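Me: Could you walk me through this structure with a few questions and answers? I have the sequence and the 3D view open.

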Amino acid sequence: MNICVVGTGYVGLVTGSVFSDLGNEVICVDNNAEKIAMLERGEMPIYEPGLEEMVKRNREDHRLFFTTDLTYAVERSDVVFICVGTPPTETGDPDMRAIQEVARGIARALNRYKVIVNKSTVPVGTGDMVREIIETNRVRNVDFDVVSNPEFLREGSAIKDTLEPDRIVIGAPNHVVAMKILELYAPLERPMIITDVASAEMIKYASNAFLATKISFANTIANICDQVGADVAQVVKGMGLDSRIGPAFLNPGLGYGGSCFPKDTAALVRTAEKVGVDFKILRAVMDVNAEQPIRFLDRLRAALDGSFDGKTIGILGLAFKPNTDDMRDAKSVEIIARLLAENAEVKAYDPIAMDNARRIFPQICYGKNAYDVAQDADALVIVTEWNEFKLLDMERIKSSMRRPILFDGRNIYDPIRMRRLGFEYQCVGRTRATIPNHRH
Ligand SMILES: NC(=O)c1ccc[n+]([C@@H]2O[C@H](COP(=O)([O-])OP(=O)(O)OC[C@H]3O[C@@H](n4cnc5c(N)ncnc54)[C@H](O)[C@@H]3O)[C@@H](O)[C@H]2O)c1
């Protein structure tokens, strides 16, 4: 099939690459000329395991192309995927301007029947909006259909998630259109949900909101554990083994960040408001998430005699989660900004995200590795749970620090071991843990 993918970010570039790998001819479009130029040189604008090889292979086989020319790409395609960004606005509503602009562009280029598939995360009703924009702006009287096909990939495992999704959701106006998109995904042999457009749009928000709820729930349980002497690692393990609950997304820490959960929870609260529903649970989920890093920094400040002024704080991990270079809404950004506002010296290290971090914080020091960051630090803070931090030589770390204060925002270390090594160790919900954790 001839496919056009608009937006070559985490979702679009991975979707386009996978569809080309399945044998389709794919043209990826972006209005960022720099990104397209990079891709044409074979360089990846984002980090995603396995992506570079997949792009290279399919470009060499002449199945994957890149352009800034939307008209050219749409004209040659049977199916057009919209994968542009829908970033948050001040009100919590997503910014829909890119979607609207692309819809107008598609309308102008519509030269024969096409299926327009929306993969971006968009509020209920966007399918209708896209349909109206195309109807109003098309120059030829050709037919088209609009489908919702929300994306569930996770950054850091985007290729794998696209090849092996838990489910594929296709929201279509009728069965014939649904079958056309189903055909594209058939080679993956994964469970598919065929539904209407509005339900498909809701599935995406409801899923992300539920996962965010699990995280804030686990964080609140952790905060109670800290006070009552329970060990949250044991508690969530005990909960997660219940098949009705499941262990995923029950990890306490600094809260959720990234480009999806914060904006999607806010957007769903707004959608609910607009239809007269007060989504109290989700508002509380967002509040808990906002408080989590503040609580953590309050404890760190107290451990540093009540002030960050002039103290050197080492930050391990900057990306919003491991295995990605994405810094959008990363907890590190908030934590570093607060530390700088209170006159701390910040030294940071991340295996992949430092180039992106430099654009946000050009004024801080970046270390070559974790040991470099620990050198002469008054405290070391784990912000992202990269695997390479789990097996550091902690004796070396401790001996190089000015004060052995270790604040583990992702619970990657065993509290008993860290305290035995002589660290003043704090984490989330395991303050009085007494049983060694054998995971690490
Ligand atoms: N990143 C994720 O993990 C993830 C997962 C599921 C769903 N989503 C959703 O998918 C959508 C895209 O997310 P992303 O992370 O890939 O975003 P991104 O910012 O990485 O990529 C968006 C791309 O769209 C391009 N773009 C913007 N306006 C354009 C226009 N008018 N014409 C052509 N290109 C344009 C941008 O230049 C950028 O390259 C969002 O709605 C997001 O919520 C993201």
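Reply: Gladly! Two strands pair if DSSP finds at least two bridges between them, and strands (E, at least two residues) and helices (H or I, at least four) are DSSP runs numbered from the N terminus. This is a predicted model, in which local features need pLDDT of at least 70, side-chain atom pairs count only at pLDDT 80 or more, and totals for chains, interfaces and linings use all residues. Residues are numbered from 1 along each chain as its sequence is written, and side-chain values use heavy atoms, leaving out hydrogens and water.

Me: Which residue in S12 stands opposite Gly314?
Reply: Let's start with the strands: S9 and S12 run parallel and are joined by 4 bridges. Across from Gly314, the residue in S12 is Leu380.

Me: Which strands stand at the edges of the sheet?
Reply: The open sheet has 6 strands with parallel pairing, in the order S11-S10-S9-S12-S13-S14. An edge strand has a single partner, so one side of it is left without a neighbour in the sheet. The two in that position are strand S11 (365-366) and strand S14 (424-426).

Me: What is the bridge partner of Leu316 in S10?
Reply: Strand S9 (residues 312-316) pairs with strand S10 (residues 345-349) in the parallel sense, over 5 bridges. For Leu316, the partner in S10 is Tyr349.

Me: What is the bridge partner of Val381 in S13?
Reply: S12 also pairs with S13 in the parallel sense, over 3 bridges. Ala379 and Val381 point one way from S12, Leu380 and Ile382 the other way, and all are buried (under 20% relative accessible area with a 1.4 Å probe, protein chains only; over 50% is exposed, in between partly exposed). In S13, Val381 is bridged to Phe407.

Me: How do H11 and H12 run relative to each other, roughly parallel or roughly antiparallel?
Reply: Helix H11 (residues 261-274) packs on H12 at about 150°, with the axes 10 Å apart; axes are lines fitted to C-alpha atoms, for helices over the stretch in contact, and angles run from 0 to 180 degrees between N-to-C directions. Angles under 35 degrees count as roughly parallel, over 145 as roughly antiparallel, 65 to 115 as roughly perpendicular and the rest as oblique. H11 and H12 are therefore roughly antiparallel.

Me: Which side chain makes a polar contact with the side chain of Asn208?
Reply: Asn208 sits in helix H9 (residues 197-228) and, at 6% relative accessibility, counts as buried. A polar contact is a pair of N or O atoms within 3.5 Å; within protein, one must be able to donate a hydrogen and the other to accept it, and residues adjacent in sequence count only if both atoms are side-chain atoms. At 2.8 Å, the partner of Asn208 is Asp264.
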